[in-house]
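Here are some notes for a colleague going through the fold. Please read them beside the coordinates.

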Amino acid sequence: MGGGVSDQGVGLNARALAIADRLAAPDALQRVAVRTLANGARVIDTGITVPGGLGAGLALAEICMGGLGHVSYAPVTIDGAAWAGVQVWTDHPAVSCMASQYAGWAIQVDKYFAMGSGPLRAHARVEKELFARLGYAERAERGVLVLETRSPPDDAVAAWVAQKAGLEPSQLTLVTAPTASIAGSVQIIARILETGLHKMDVLGFDVKKVVSGIGTAPLPPVAKNDLRAIGRTNDCILYGGQARYTVDADDADLAALVPNIPAAASKDYGTPFSEIFKRYDGDFYKIDPLLFSPAEVWLTSVQSGKTYHAGRVNSQVLRASLLDS
């Protein structure tokens, strides 16, 4: 399914809620913490005050994709060396990746800040231009939002999110994880397909033409702090991520598109992300936005059966990033 669907959508929130319920079940043994705020919002912590883990990370990644993405652990071979990795595939790339997984909603309430992803975005649709391009809308009775943060959300945050979404706080499930956590790292690496789709969207390509996608990226060791974790997780995608997309487009369009998708097309490519971040004095928005995409991309046309390829993995930069102290 592409983007043009009814207001009922494909039930991203309902699908994600079922995964969240399983994650929060006492007998699931996922090392998460569940609490209900005074205003009724449910908060599931997968790594702020609890260990979380690999199991929680898979659930978190699939929640981000609204239950339309399939995430598993798989070895990734880069330059002959085997790395622990994550594999992601979906037959609903525009909806699962861009309408749900993309962290496009800035949650800012007084001094609280977090980036919001997950299916509640498709209900709230505060990113009006993006959802207009996707042609996707969803009406949910209960909403699920993932917050990448080290600060647990309180009643004020839940109330703000609920108001923006036109729901009551008691209708919300907020799932949290810091970047420097096992679950947080997994859910970021699982954005391997989303980063490529976002790059296509930035380049002006209609992502609703992407029929299916499958990708892999190495899983980084947990970093000592969130800043270092941001560097490692980005590097796993920029220098180790491989994404394959099946696209309903002609050969000329794909041949012109593919060289511009990989991270190597950016002027900032070539050094660990932590060094790039320092180069711009810690200002994330000064970094070339065209950097954020997979290292290597394949586009296959369903019209001709031809495949177009660009980019390459870069084990040298990857090792410098993941094996540092």
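1. A cut-off comes first: a residue counts as buried when its relative accessible area is under 20%. Keep in mind that the model is predicted. Leucine 219 has a relative accessible area of 19%, so this residue is buried.

2. Where is leucine 219 found? This leucine sits in the loop between β9 (210-218) and α9 (226-238). Residues up to four places away in sequence aside, leucine 219 touches Leu54, Tyr73, Ala84, Gly85, Val86, Val186, Ile189 and Cys236. Proline 289 is 70 residues from leucine 219 along the chain, and 23 Å separates their C-alpha atoms.

3. Now the sheet that includes β9. Six strands form an open sheet in the order β3-β4-β9-β10-β11-β12, and the pairing is mixed. At the edges are β3 (70-78) and β12, each of which pairs on one side only. From one strand to the next, the twist averages 20 degrees.

4. Six bridges join β9 and β10 in the antiparallel sense. Here glycine 215 stands opposite alanine 243 in β10. β10 (residues 242-247) then pairs with β11 in the parallel sense, again over six bridges.

5. How many residues of β11 are buried? Five of the six residues in β11 (residues 296-301) are buried, so the strand is mostly covered. On to its other neighbour: β11 and β12 (residues 307-311) run antiparallel and are joined by five bridges. Tryptophan 298 has histidine 309 in β12 as its bridge partner. The two strands form a hairpin with five residues between them. In that turn, glycine 305 has a positive phi of about 85 degrees.

6. A second hairpin deserves a look. β1 (residues 33-36) and β2 run antiparallel, joined by four bridges. Threonine 36 has arginine 42 in β2 as its bridge partner. Five residues lie between the strands of this hairpin, where glycine 40 takes a positive phi near 100 degrees.

7. β2 (residues 42-45) has another partner. Four bridges join β2 to β8 (residues 172-177), and these two strands run parallel. Aspartate 45 has threonine 176 in β8 as its bridge partner. Which way do the side chains of β2 point? Arg42 and Ile44 point one way, Val43 and Asp45 the other way. All of these residues are buried, charged Arg42 and Asp45 included.

8. Turn to helix α8 (residues 192-202). This helix is mostly covered, with nine of its eleven residues buried. The buried residues are Ile192, Leu193, Glu194, Thr195, Gly196, Leu197, Lys199, Met200 and Asp201. An α-helix has 3.6 residues a turn, so residues three or four places apart point the same way. After α8 comes glycine 204, with a positive phi near 90 degrees.

9. Serine 100 lies in helix α3 (residues 93-101). Is serine 100 buried or exposed? Its relative accessibility is 0%, so serine 100 counts as buried. A polar atom of its side chain lies 3.4 Å from the backbone nitrogen of glycine 66. Leaving out residues up to four places away in sequence, the residues that serine 100 touches include Leu12, Ile63, Cys64, Met65, Gly66 and Val95. Also among its contacts are Ser117, Gly118, Pro119 and Arg121.

10. Last, the largest pocket. Rolling a probe the size of a water molecule over the atoms shows where empty space is left. The largest pocket has a volume of about 1100 Å³. Its lining is made up of 30 residues. Ala103, Met115, Glu148, Phe284 and Phe292 lie nearest its centre. Which element gives the most to the lining? The answer is α9, with six residues. β6 (112-117), α8 and α9 each supply at least two residues of the lining.

How values were computed
Residues are numbered from 1 along each chain as its sequence is written. This is a predicted model: local features need pLDDT of at least 70, side-chain atom pairs count only at pLDDT 80 or more; totals for chains, interfaces and linings use all residues. Side-chain values use heavy atoms; hydrogens and water are left out. Buried means under 20% relative accessible area, exposed over 50%, partly exposed in between (1.4 Å probe, protein chains only). Two strands pair if DSSP finds at least two bridges between them. Contact means heavy atoms within 4.5 Å. A polar contact is a pair of N or O atoms within 3.5 Å; within protein, one must be able to donate a hydrogen and the other to accept it, and residues adjacent in sequence count only if both atoms are side-chain atoms. Axes are lines fitted to C-alpha atoms, for helices over the stretch in contact, and angles run from 0 to 180 degrees between N-to-C directions. On a 1 Å grid over the protein atoms alone, a cavity is a set of points where a 1.4 Å probe fits but cannot get out, and a pocket is an open set with protein on both sides within 12 Å along at least five of seven lines; lining residues have an atom within 4 Å of a point. Grid points are joined across faces, edges and corners, and a volume is the space filled by probe spheres set on the points.
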